[in-house]
Amino acid sequence: MTQETIQSTLEEIRVFEPPKSKALFSSLHDWKLASDAFQKDFEGTWGNLAQQHLTWQKLFTQVLDERNPPFYRWFADGNINLSENCLDRHVNNGLGEQVAIIWEGEPGDVRRITYNELLAEVCLAANGLKSLGIKKGDRVIIYMPMIPEAAIAMLACARIGATHSVVFAAFSAQALHDRIEDTGAKAVITADGGWRRGAIHDLKSCVDVALTQGCNSVEHVLIVKRGHHDTNWQEDRDVDWVDLLKAQADVCEPTIIEAEHPLFILYTSGSTGKPKGIVHSTAGYLLWAHLTMQYSFDFKPESDVFWCTADVGWITGHSYSVYGPLCNGGTTLMYEGVPTYPDAGRIWKICQDHGVTVFYTAPTAIRALIKAGDDYPNAYDLSKLRVLGTVGEPINPEAWMWYHTVIGKERCPIVDTWWQTETGGHMLAPMPFSIPTKPGSATLPLPGIFAGIVDAEGEDVKDGGGLLVLKKPWPSMLRGVWGDEQRFIETYWEKFAHKGYYFAGDGARKDEDGYFWIMGRVDDVLNVSGHRLGTMEVESALVSHHAVAEAAVVGRSDDIKGESVFAFVVLKEPESEGLEAILRAHVSKEIGPIAKPDTIRFADNLPKTRSGKIMRRLLRDIAAGRDINSDISTLEDQSVIAQLQG
């Protein structure tokens, strides 16, 4: 039997026209004009945007150096300081009293920090780092809760040219140790703790444990006293953040930084093997973080309050909690704790209290909020919301519809974004006031992005599904894997080296309008009796049933079919008699008999990281009956494993 991709009868036919608004891009024609500019003059258009939107210490003379692919270089002979672009230029342009960061702690404490105040704090921190011997090119680990000092530390590193590597504060001591060792970090910036679910989550003790196992490169540990509880103190190494900053001047001239200088290293966890340290440059990364705030969210810095719920430990927090909003001179909101604490209304109360206008979160969070019920969002005034975004994975159509109707009241466009840690910013996304949307589709490439769907040989696929690739370089692309050039080539470029394509690792398909539909990671595309079936399609079919709150689908080896469909399902209400058969029939009706789950296992929850991502490798192990031997330290609730194992 020849391989083919199943075309689902669940295929989305609902189309939502963008609301009429005075926007940067107000029609599909505007998108086409912006995209066509790159077709006509690729380098010239990027160069013009870089000059128009960024402040340069020394202007570049060459836009793209592609003499040594895939090690592309952008604006390489230019000099630029990211901190200056995010702070000084706004202050110098009279925006010093504009609020840069609104911060709310989980207990309810609030800070509003202006650009004047943020610049002064960053200068104090930058001078503090320099006083400890941190210099341009050194690496600094940031292991912090979601407090303003996390953003201040990132910007202070950028100001002096130290390359930061933020480690998500829920990661284990071992994970922290591995990242310190790999980067050869000279310092660690942390806190005694941070609030999470009504209690202090200790951080300093994790740092201490990590540093007992080597990490000889670390000379200093800086501690912000957020938790105000007793911690071990090593006098020759540990430094109080407040005491350090008190001794500094609040003026620090921005260091001269080359455009290609490594701004940060951010580690991505694979299903197997050592995490990859993704390296991002300064200028190219900043340009795309800046532009995508405008392209994807129609960001209006003078009036918008932007809330990206991602932690700064993830790329989403880097690009859309800190650097993107601040480079535009806008207001970004940071929240310390769990958005559902003390109840599922907290997230909507924050939106109401701070007048959030653009809200960006993950489908996993949306599905959890759906399960909690409509009464929570309906209790709050969400009338200031004007754009809603999703990030992290494809969103199920029914979750999209709930977001659209219950949260957006059918007036807010929904921006479903596809991108990766490696891409630095959005690749596919509907411009909110110009692109008609379809629930579950990331729609079209943003201007300047040349995406395609190809077969195993790299040839364009006209109908059906294939492999998602990026055909041309872009400024915010990863510059490598820290310390491992070969892994960089093998992971992202080797598969289509003859074409020069970047392989994203995702499967996708296009519809008749050219819209992209992400099928999930290639290893999440099942081969059932010779048919290629996206796990996302089966999950969407399950979630479209009124009884299902959430679903995750994996493949299990089958002697006859090759792979069988194994579904894990979270219900909105207790399981009723015969529900498994009903759900199997429902999937058969929505997609076809080939997609019908062979096994459905019900559970109270799915195994998720603290950032909300489902750990599918664990589900694959459970479905196969294998012992769980991999690291589960990032799981939000480790007890769910026992329940899923049955």
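In strand 10, H201 is the bridge partner of G194. This pairing belongs to a predicted model. Strand 9 (residues 193–196) and strand 10 (residues 199–202) run antiparallel and are joined by four bridges. Two residues lie between the strands of this hairpin, and R197 takes a positive phi there, near 55 degrees.

**Parallel pairing around strand 18**

Strand 18 (residues 387–390) has parallel partners. Strand 17 (residues 358–361) joins strand 18 through four bridges, and the two run parallel. Here Y360 stands opposite G389. Strand 19 (residues 414–416) also pairs with strand 18 in the parallel sense, over three bridges. In that pairing T390 has D416 of strand 19 as its bridge partner.

Which residues of strand 18 point one way, and which the other? V387 and G389 point one way, while L388 and T390 point the other way. All of these residues are buried.

The strand pairings compare as follows.

| Strands | Sense | Bridges | Partner residues |
|---|---|---|---|
| Strand 9 and strand 10 | antiparallel | four | G194 and H201 |
| Strand 18 and strand 19 | parallel | three | T390 and D416 |

**Helix 3 and its cover**

Helix 3 (residues 82–92) is mostly covered, with nine of its eleven residues buried. The buried residues are L82, S83, E84, N85, C86, L87, D88, R89 and H90. What covers them? The cover includes helix 2 (42–53), helix 4 (115–131) and helix 5. It also includes strand 13, helix 9 (283–297) and helix 10 (315–327).

Both ends of helix 3 have a local feature. At the start, a side-chain oxygen of N81 reaches to within 2.9 Å of the backbone nitrogen of S83. After the helix comes G94, whose phi is positive, near 85 degrees.

**The second largest cavity**

The model has three cavities of 30 Å³ or more. The second largest cavity holds about 50 Å³ of space. Its lining consists of L82, C157, A158, G161, A162, I257, H261, P262, L263 and T282. Helix 5 (148–160) and strand 13 (262–268) are the elements that give two or more residues to this lining.

How many lining residues are nonpolar, polar or charged? Seven are nonpolar, three are polar and none is charged.

W31 lies in helix 1 (residues 28–40). Is W31 buried or exposed? W31 counts as buried because its relative accessibility is 15%, under the 20% cut-off. Leaving out residues up to four places away in sequence, W31 touches F25, M431, S434, I435, L444, P445 and P447. Y295 is 264 residues from W31 along the chain, yet their C-alpha atoms are separated by 9.3 Å.

D65 is found in strand 2 (residues 64–65). D65 also counts as buried, because its relative accessibility is 7%. Which side chain makes a polar contact with the side chain of D65? The partner is the side chain of R67, at 2.7 Å. Beyond its neighbours within four places in sequence, D65 is in contact with F71, Y72 and R73.

How values were computed: Residues numbered from 1 in each chain as written. Predicted model: local features only at pLDDT ≥ 70, side-chain atom pairs only at ≥ 80, totals over all residues. Heavy atoms only, no water. 1 Å grid on protein atoms, 1.4 Å probe; cavity = no way out; pocket = protein on both sides within 12 Å on 5 of 7 lines; lining within 4 Å. Points joined across faces, edges and corners; volume = space filled by probe spheres on them. Nonpolar A, V, L, I, M, F, W, Y, C, P; charged D, E, K, R; others polar. Buried < 20%, exposed > 50% of the residue type's maximum accessible area, 1.4 Å probe, protein only. Polar contact = N/O pair within 3.5 Å; in protein donor to acceptor, adjacent residues only side chain to side chain. Contact = heavy atoms within 4.5 Å. Pairing = 2+ DSSP bridges.
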